[in-house]
Amino acid sequence: MSLPQPTPSFADESTKSLPDCAAKTLPSESTLSIDSLERVETWGMNRAGLAYVHRPTTIDGIREVFSLARRHKVTIGLRGAGRSYGDASLPSENICLDLSRMNRILDWDPVTGLITVEPGVTLRELWRYTIGDGWWPPVVSGTMHVTLGGAAGMNYHGKNNLHVGPLGEHIRSFDILLPSGRLQTCTPLHNPALFHAAIGSFGMLGCFTSLTIQMKRIETGLLDVTQTAAHDLAGMLQLFEDNAASSDFLVGWIDGFASGENVGRGLVQAARYVPASQVTHPLQSLRTQNQDLPDTLFGVVPKSILWRVMKPLTNRYGMRLLNALKFRMGSTPGNGKTIRQTHAAFNFLLDYIPDWKFVYKPLGLVQHQSFVPAARAQDCYKRVLQACQEADIAPFLAVIKKHRRDDFLISYCLDGYSLALDFPITGANHERLRTLLGHLDALVLEAGGKFYLAKDSSLSSSTYAASLGAETRRQFLAIKQECDPDNLLQTDLSRRLFGDFPADFLSE
Amino acid sequence: MKWQRAVVVGASSGIGAEIAKQLAAKGCHVALIARREAELVRVADEINAAGSHLARIYIHDVREYEAVPALMQQIARDMGGIDLIVYSSGIMPAIASDEYAFDKDRQMIEVNLLGAIAWLNEAAQRFERAKAGTIIGISSVAGERGRRGSPVYGTTKAALDTYLESLRNRLSRYGVEVVTVKPGPVATPMTANLDQKTLPLLITADKAASAILSGASRKRSVIYVPWLWQPIFVIIRAIPSFLFRKLNF
């Protein structure tokens, strides 16, 4: 047998000798240190990238990162605890300015309830610091593991949004370091335009270096929670209207698998602050150890393993069963009953099962959260839920809340309702899910709705622009150019929705 | 499509160009790297002709090792990340059976081996951190045994095999796939002047590229192109050295 001699056919370049080539050594400043290169993932585990992560502990440290980015001609994405479901804090291949180590509480006045914190302080650290003095954060999310810098950047909301608005309405002042290096103090009266634009600007205008928040006075650490069943979407919305005035917190759970006449069935939880007069030892309820969520189930089973137990059930059959069981339990023995819960237990439902998102491994999940005016909510959300079922991708978790509008520039709340839908990503549904999300966006847009960027993974730039409105978009781009003329602050989310921030926006 | 953003080093012709075209045909963004600008532009134009704008070009001589980290960072930024890197640069100057030309040998080591190490070391660090990624190294069946024809060409490919195997053993625990490709003779413009009949199991570059991408997407560690070379080389590797040196290879 004759083997071929090595020939140029093994190669794909020239057979000729190469010309001498002097190695061109690039200046060291042309590369960022690979030592800082880390994997950065969205909380929904649906996307990840590499980024050069820097974790400053001081304002000068942030300035150095700004300077580093300019020298290397790269952009910066701000990141707190990384709790946004999508790519809001993902700056792939650029600098990730992780503020989680700027986590000092700078000032606390237990008489007025005013607290000043650095942006990396988490909600958990905040409420544990103040509850003993009888103060609770005015607005909390479903998890306590967000940073307040991130919360302000997204202007997050809670189950009491219909009464107290988003977090921004309780921020009395903040300091923001603009990419230009200028440190600006803003209050609703001092620099009001920047105040109302920076809160909710998803980290595009500058980096909060301190935030002063007015906490909420509480007499006890307890809430009375009444759960009522609704057998369809109309009934669900009626329960919201009936309970809106009399409750402090209002949230609904929807069985996303219910179809036909039962579309939108679920359970509404209305919660009210418990006054001291109704509790034997009110101060006891304000102790942090009495608020902490238990770390075992029934005092025996470590909750850290629960997601592994739930994983085999995390499929359409298991979740259909669990949703149906939850509705049956809530609509028969539990209907109309009032239970007393701690603030932490009621508000931080997402923390009840540690690492629960891992049930969605390996491809993760997406959440679609939309906000629709009250007059269009029933029709729109019925069509949304039906569209999910027609696509054969029922949401494993569906949550509905009531909202009111606010005055921030990038505002997503309106006088109406929001519906948050959790979808698993699987190898089989990937493309169908993408199509479905686009369809849901169209339905929401048609109803005059809006979107919350902390949850978003898939909006198109045109859909977001339409939901934002031309004038708001123009104002935002104008203030972006004023605060960050070099477009230093960018993330994968901002690039998806705004490209590289068009310089010709004024003529659009 | 398993990959969305690929770097192809040595993309101006042959297997590299075909791999780039086939990746782009499935919607993958490709960064084309080579030193010959005109040829590279031609490949990019062909890919982008459909209006997809999936191909970017970067003029680079793989012997400019110090430029690799910065160029890799630039490419990663331009594409938003890298999922796949293919190193297919290689040279094999004609060498007579009694010729010992150090200059040519050094160039082969620089392009076939050191260039690969410069690029793939950089990729390995990135993929290890990302806990994902695929590395494809185009080696050759010429690295299987030390043959008479071109001692240093075979040496570079044998060294590349060992290097890729080491990368595989380092990176598999992080979910990174490292693929060693061992083509036999492949018909490219450069083989046009050779007697095609003397080249056994000759295949076209597009078929080779197709086999490589198909095997890599199925997580094959070592791919012979065409597959028949694998059993053939099982036999050839078993030939004792004292016999092998008497054969006319």
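In the predicted model, 49% of the 249 residues of chain B count as buried. The C-alpha trace of this chain spans about 55 × 40 × 35 Å along its principal axes. A compact globule of 249 residues would have a radius of gyration near 18 Å, and the 18 Å found for chain B therefore agrees with that expectation. The secondary structure of chain B consists of 8 helices and 9 strands. Among contacts in chain B with a sequence separation of 6 or more, 66% involve residues 24 or more positions apart.

Chain A can be described in the same terms. Of its 508 residues, 48% count as buried, and its secondary structure comes to 16 helices and 21 strands. The C-alpha trace of chain A spans about 90 × 65 × 55 Å along the principal axes. For 508 residues, a compact globule would have a radius of gyration near 23 Å; chain A has 25 Å, which is counted as agreement. Of the contacts in chain A between residues at least 6 apart in sequence, 73% join residues at least 24 apart.

Helix packing was examined next, with two pairs in chain B as examples. Two packed helices are described by the angle between their axes and the distance between the axes. Helix α1 (residues 14-25) of chain B and helix α6 (residues 205-217) of chain B have axes that come within 8 Å and cross at roughly 60°. At that angle α1(B) and α6(B) are therefore oblique to each other, and the crossing of α1(B) past α6(B) is right-handed. On the α1(B) side, the contact is made by B:Gly14, B:Ile15, B:Glu18, B:Ile19 and B:Gln22. The α6(B) side contributes B:Ala205, B:Asp206, B:Ala208, B:Ala209, B:Ser210, B:Ile212 and B:Leu213. Sorted by class, the residues of the contact of α1(B) with α6(B) are 7 nonpolar, 3 polar and 2 charged.

The second pair is formed by helix α3 (residues 68-79) of chain B and helix α4 (residues 102-130) of chain B, whose axes come within 10 Å and cross at roughly 50°. Helices α3(B) and α4(B) are therefore oblique to each other as well, and α3(B) passes α4(B) in a right-handed crossing. Here B:Val68, B:Pro69 and B:Met72 of α3(B) meet B:Ala118, B:Trp119 and B:Glu122 of α4(B). The residues of this contact divide into 5 nonpolar, no polar and 1 charged.

A:Trp136 is placed in strand β7 (residues 135-136) of chain A. Because 22 other C-beta atoms lie within 10 Å, A:Trp136 counts as buried. Leaving aside residues up to four places away in sequence, A:Trp136 touches A:Trp127, A:Ile131, A:Met215, A:Lys216, A:Ile218 and A:His343. The C-alpha atoms of A:Trp136 and A:Glu219 are separated by 9.9 Å, although these residues are 83 residues apart along the chain.

The backbone geometry of some loop residues is also worth a look. In chain A, the loop between β3 (76-79) and β4 (95-98) holds A:Glu93. Phi of A:Glu93 is near 65°, a positive value in a residue other than glycine. A:Glu93 has 24 C-beta neighbours inside 10 Å and so counts as buried. A positive phi, of about 55°, is also found at A:Phe298, which is not a glycine. A:Phe298 lies in the loop between β15 (296-297) and β16 (301-302) of chain A. With 6 other C-beta atoms within 10 Å, A:Phe298 is exposed, whereas A:Glu93 is buried.

A:Pro362 sits in the loop between α11 (343-347) and β18 (365-373) of chain A. B:Pro226 is placed in the loop between β9 (222-225) and α7 (229-238) of chain B.

Terms used. Residues numbered from 1 in each chain as written. Chains lettered and ligands numbered in written order. Predicted model: local features only at pLDDT ≥ 70, side-chain atom pairs only at ≥ 80, totals over all residues. Axes fitted to C-alpha atoms, helices over the stretch in contact; angles between N-to-C directions. Helix = DSSP H or I, 4+ residues; strand = E, 2+ residues; numbered from the N terminus. Parallel < 35°, antiparallel > 145°, perpendicular 65-115°, else oblique. Left-handed = near helix turned anticlockwise from the far one by under 90°. Contact = placed C-beta atoms within 7 Å. Nonpolar A, V, L, I, M, F, W, Y, C, P; charged D, E, K, R; others polar. Rg over C-alpha atoms; globule rule 2.2 N^0.38 Å. Buried ≥ 20, exposed ≤ 12 C-beta atoms within 10 Å, placed from the backbone.
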